[in-house]
Amino acid sequence: MRTLIKNGTIVTASDIYRADILIENEKIIALEAETTVDADEITDASGMLIFPGAIDVHTHLDMPFGGTVTADDFTSGTIAAAAGGTTCIVDYALQTPGKFLQEALEDWHKKAEGKCAIDYGFHVAVTDLNESVLAEIPLLVEEGYPSFKLFMAYKGVFQVDDATLLKVLKQSGDAGGLVLVHAENGDVIDLLTREMLAAGHVEPLYHALSRPPQAEEEAVNRFITMIELSESPGYVVHLSDAGALGRVAESRVRGLPVYAETCPQYLFLDLDRYSEPDFGGAKYVMSPPLREAGNEDFLWSGLASGSLQVVASDHCSFNLKGQKDLGESDFTKIPNGAPGVETRVQLLYAEGVEGGRIGINKFVDLVSTAPARLFGLYPQKGTIAVGSDADLIIFDPEAEFTISQSSQYQNVDYNPYEGFKGRGVPQKVYSRGSLIFENNKYTGKPGHGRFQKRKSFSTFSAY
Ligand code: URP
Ligand code: ZN
Ligand code: ZN
């Protein structure tokens, strides 16, 4: 089957140009101006921008957390992703203490198998290290899992100590892997949390106040020290704070292999949200928490300047009713996380490109190309080129949107961006040449999504 997309404007991380796109057997086979070749299906993309399918390297689907399980599984989460222009996710498989990393991957493969609307890969989160688990790392890099996550927070649950962090960094670096961290000082947070509860502060706002920006900045700085000691690359997930960003920027000026992502919630929402009435602040209970208004300007500058390389969603949805309300009388019992896989691309385009904060090529880089390069998917994904997968967004830059829970594909009872308006909407989305989303409707089949074995990390292909 041959598909021809005519008259669109192709935008990659480096170029903007007019060309027709010819697709065959899931791949782009030609990019030519005004081609006359024949095809089984011809689509007119006049007036449209064509972006490479977006890649979200931070999702949590079907994940147990805080005594419950995320509201989105691999079907609803990946359909929502497709609706928002995302054609590949990398989700986190969590090691159960006492078990092997390979077992976590087997569990997560079972959760995803036959359910995904788009392609997917897995990072592995290491929560309980011993010599046998350490020995798994090079094998997993070989098998297509070149990224390992460690938590510096969530004391007593996922948190690891500094020796574990350093050991994994060394082993991963030697094997061609990349270490990812949740960077917050879990011991400091644990103490502040206990102090707040003892003083009778149980509302959602105290989730944020018990996790101050300094706790993030300190952990990021400690991680950078470990990167320097181990001479291995590392990546900070969901960076939220200007001070922490300063540490990353400075380390990069010193030539260290330090990378970082931020997320839309830290660009669009702030601390005031925790004061929403009727327990509404629980919608925003996530870690790190939302920061003071004004902090987001530093993050936007970090994106524009290259100190931050990726915007990912950290999609981790819990319903307000039946899940978040587990913590109605104690903020520590509110499951941490918020939805965002569906809205990431649109929000970033509307405020970033339309709002003049970043250029259009930088936008493509942040949502697609940089994640592909850093996480071993490039050039199969993350760009529009002959030989690449035909993962494409046909994007209408004039169409307007209003975000609403009532029209979302995310399977959760709220949307943190309710009422946000903007311009720029995915009109059609292709995954390996199949049209999976068109005119606000999912047109694909769950199970179409295929597991992606990723390549090892290389500083030559990274940023
Ligand atoms: O609050 C968050 N971010 N929940 C998801 C788990 C994590 O820490 O990434
Ligand atoms: Zn985290
Ligand atoms: Zn996360």
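**Strand β14 and the zinc site**

His238 is buried, at 3% relative accessible area, under the 20% cut-off. His182 has 1% relative accessibility, so it also counts as buried. This is a predicted model. In it, both histidines coordinate the zinc ion (ligand 2).

**Zinc site**
- The donor atoms are ND1 of His182 and NE2 of His238, at 2.1 Å from the zinc ion (ligand 2).
- The pair links distant parts of the chain, 56 residues apart.
- His182 lies in strand β14, whereas His238 sits in the loop between β15 and α8 (242–253).
- The 4 donor atoms around the zinc ion (ligand 2) subtend angles of 57 to 152°, so the arrangement is irregular.
- Ideal angles for four tetrahedral donors are 109.5 degrees.
- A distance of 4.0 Å separates the zinc ion (ligand 2) from the zinc ion (ligand 3).

**Strand β14**
- Leu178, Leu180 and His182 point one way from β14.
- Val179 and Val181 point the other way.

**Strand neighbours**
- β14 runs parallel to strand β13 (residues 147–151), joined by 5 bridges.
- In this pairing, Phe148 stands opposite Val179 of β14.
- β14 also runs parallel to strand β15 (residues 234–236), joined by 3 bridges.
- Here Val181 stands opposite Val236 of β15.
- Helix α4 (residues 162–175) forms a right-handed β-α-β unit with β13 and β14.

Definitions and conventions
Residues are numbered from 1 along each chain as its sequence is written. Chains are lettered from A and ligands numbered from 1 in the order in which they are written. This is a predicted model: local features need pLDDT of at least 70, side-chain atom pairs count only at pLDDT 80 or more; totals for chains, interfaces and linings use all residues. Side-chain values use heavy atoms; hydrogens and water are left out. Buried means under 20% relative accessible area, exposed over 50%, partly exposed in between (1.4 Å probe, protein chains only). Helices (H or I, at least four residues) and strands (E, at least two) are DSSP runs, numbered from the N terminus. Two strands pair if DSSP finds at least two bridges between them. A crossover is right-handed if, with the strands pointing away from the viewer, the path from the first strand over the helix to the second runs clockwise. Donors are N, O and S atoms within 2.8 Å of the metal (3.2 Å for Na, K and Ca); water is not among the atoms, so sites may look incomplete. Four donors count as tetrahedral if all angles lie between 85 and 135 degrees; four count as square planar and six as octahedral if opposite donors are over 155 degrees apart and all others between 65 and 115; anything else is irregular.
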